[in-house]
Amino acid sequence: MKYTEEMLASQACVDATRNERLYAELRRYTAQEKQELLRNYHPDYSHKDFSILMVGPNKGDKVPSELAAVLEGKSRLLSADFDLSHIEHDADVLIIGGGGAGAAAAIEARQHGASVLLATKLRLGDANTGMAEGGIQAADKENDSPAIHYLDALGGGHFKNVPELLKCLVMQGPAAIQWLGGLGVMFDKYDDGTMVTTHGGGTSRKRMHACGDYTGAEIMRVLRDEVRDEGVEVLEYSPAVELILDEEGKAAGAVLYDFDTQEYHGVRAKSVIIATGGAGRLHYQGFPTSNHYGSTADGLVLAYRAGVPLVYADAIQYHPTGAAYPPQIYGALVTEKVRSLGAMLVNKDGEAFLHPLETRDVVAASIIRECLARHKGVHALHGPALWLDTPMVDMIHGEGTMERRLPAMIHMYERFGIDIRKQPILVYPTLHYQNGGICIDERSATKIPGLYAAGEDVGGIHGTNRLMGNSLLDIIVFGRIAGREAAAYSRTA
Ligand code: MEZ
């Protein structure tokens, strides 16, 4: 592997504005490639065009066929299976989903005086939240502001973000970090007590707050403890299969399916929050996935069947760097933080072919183009891949940096005899995030009275392409809003 001056020099581009960086990078491309790359920055082109450029088979689909199949599929609940007068649980607020958004909502609703039942398909904390690695964004440093955070996310999201939702996200970022810190999340700090922050793709300021490279796991650990401490009733292995609406069309509870007893149970609630996460386990277009087993679009289906619109349901995020080797971890997340700390993507000729901290859709598509169109990929077991030059991190920041900042990543590979401090790793895009989803307003409310939604099952906040760390932020910001609003609504219902 050659470390050219050019590769190292491009690290210095990070603070330039996004377009300046883009144009600097464009010098590497032919006229036709430039045109393709620029297309994806143009607000008139949606992520759909980009995913077609990437993988093809679903050209023209409004919604990925895998998602369409579950949305239009028959309910698992036949009316003969369940007697609606047979209600076994009562709560002011029912929360469907036990990841970060559901947990944040539960804590907040309890603190606002509501009785809360949280029902989850797997166990409390089995969620993408715990698998998020690199960090959570918030504009709380002197050289930053929510306005700059807003602009970064708006550009990254192809200007499709719902402005009110995005504003809410960035304005409440600093408070979310304080809230998590207050609950006991151990963010990385310098000796003087200030937070360590890094860049993510498409961010013009260092605003990624992290706990090593296990940020989501640390956040989920703390939220799970807090849910238990707050006295929230938790039903595990109990997915919601249908919402219950009253005669006026207001949310009134849900029917749960108990995996253990294989029976249906009714929950009566004054308000309901859907927080079931995304759809990555549907393996859209045959891609590997970084998602946990429960991410099967459950909340999108519940909302859709109840008549709530979905927004940008076709906008799926491919994380540029999934593990391409060894096969045991095929598709597993290789955190963007590796690139934040300086690692370059390198093709089979040892060339760095794009800035490593472009937005995810640009990086993912460039990797695929480099492998497929330019034949510059390396053959990995399941297909083409590129090198992520991990040893650069210690070369740039000094020996021991990876041990401190990327311990989970080191461990993930160590099990297979690969020392990422000494050798680069093979990566390829992996299905990572559902950008679109349930349509909500700034109060996390859907169009159905008493029905709220938060977390990855919600659409609009990130437009058609999310920036790293904005998801961990949105589950906290909108989870808490949903909890508060649902508790308030339950008092009036
Ligand atoms: O926000 C994410 O998706 C995230 C933190 C992922 C990562 O690369 O670590």
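Q: What percentage of the 493 residues in the protein chain is made up of buried residues?
A: The model is a predicted one. Its protein chain has 17 helices and 18 strands. A residue counts as buried under 20% relative accessible area. Of the 493 residues in the chain, the buried share is 61%.

Q: Among contacts in the protein chain with a separation of 6 or more, what percentage comes from residues 24 or more positions apart?
A: Contact here means heavy atoms within 4.5 Å. Taking the contacts with a separation of 6 or more, the part that joins residues 24 or more positions apart is 73%.

Q: How many residues in the contact of helix 8 with helix 17 are nonpolar?
A: Helix 8 contributes L165, C168 and L169. Helix 17 meets them with N470, L473, D474, V477, F478 and I481. One residue of this contact is polar and one is charged, while the number of nonpolar residues is seven.

Q: Which residue with a positive phi follows helix 7?
A: Helix 7 spans residues 146-156, and its buried residues are H149, Y150, D152, A153, L154, G155 and G156. After this helix comes a residue with a phi near 60°. That residue is H158.

Q: Which residue places a polar side-chain atom 2.8 Å from an oxygen atom of the ligand?
A: The residues around the ligand are E133, G134, G135, H319, L333, T335, E336, R360, H432, R466, M468 and G469. E336 has a polar backbone atom 2.8 Å from a ligand oxygen. G469 likewise has a polar backbone atom 2.8 Å from an oxygen atom of the ligand. The residue that uses a polar side-chain atom at 2.8 Å is R466.

Q: Which residue has the backbone oxygen that the side chain of H209 reaches?
A: H209 is in strand 5, residues 208-209. Its relative accessibility is 0%, so H209 counts as buried. Leaving aside neighbours within four places in sequence, its contacts include G135, I136, D140, F187 and T215. At 3.0 Å, the side chain of H209 reaches the backbone oxygen of R207.

Q: Does P356 count as buried or exposed?
A: P356 lies in the loop between strand 12 (345-346) and helix 13 (360-372). Its C-alpha is 37 Å from that of I273, a residue 83 positions away in sequence. The relative accessibility of P356 is 1%, so P356 counts as buried.

Q: At what distance does a polar contact join the side chains of K376 and D349?
A: K376 is in the loop between helix 13 and strand 13 (378-380), and at 17% relative accessibility it counts as buried. Not counting residues up to four places away in sequence, K376 touches N347, K348, D349, E351, E370, C371 and L386. A polar contact of 3.4 Å joins the side chains of K376 and E351. For the side chains of K376 and D349, the polar contact is 2.8 Å.

Q: What distance separates the C-alpha atoms of K376 and D441?
A: These two residues are 65 residues apart along the chain.

Technical notes
Residues numbered from 1 in each chain as written. Predicted model: local features only at pLDDT ≥ 70, side-chain atom pairs only at ≥ 80, totals over all residues. Heavy atoms only, no water. Helix = DSSP H or I, 4+ residues; strand = E, 2+ residues; numbered from the N terminus. Nonpolar A, V, L, I, M, F, W, Y, C, P; charged D, E, K, R; others polar. Buried < 20%, exposed > 50% of the residue type's maximum accessible area, 1.4 Å probe, protein only. Near = heavy atom within 4 Å. Polar contact = N/O pair within 3.5 Å; in protein donor to acceptor, adjacent residues only side chain to side chain.
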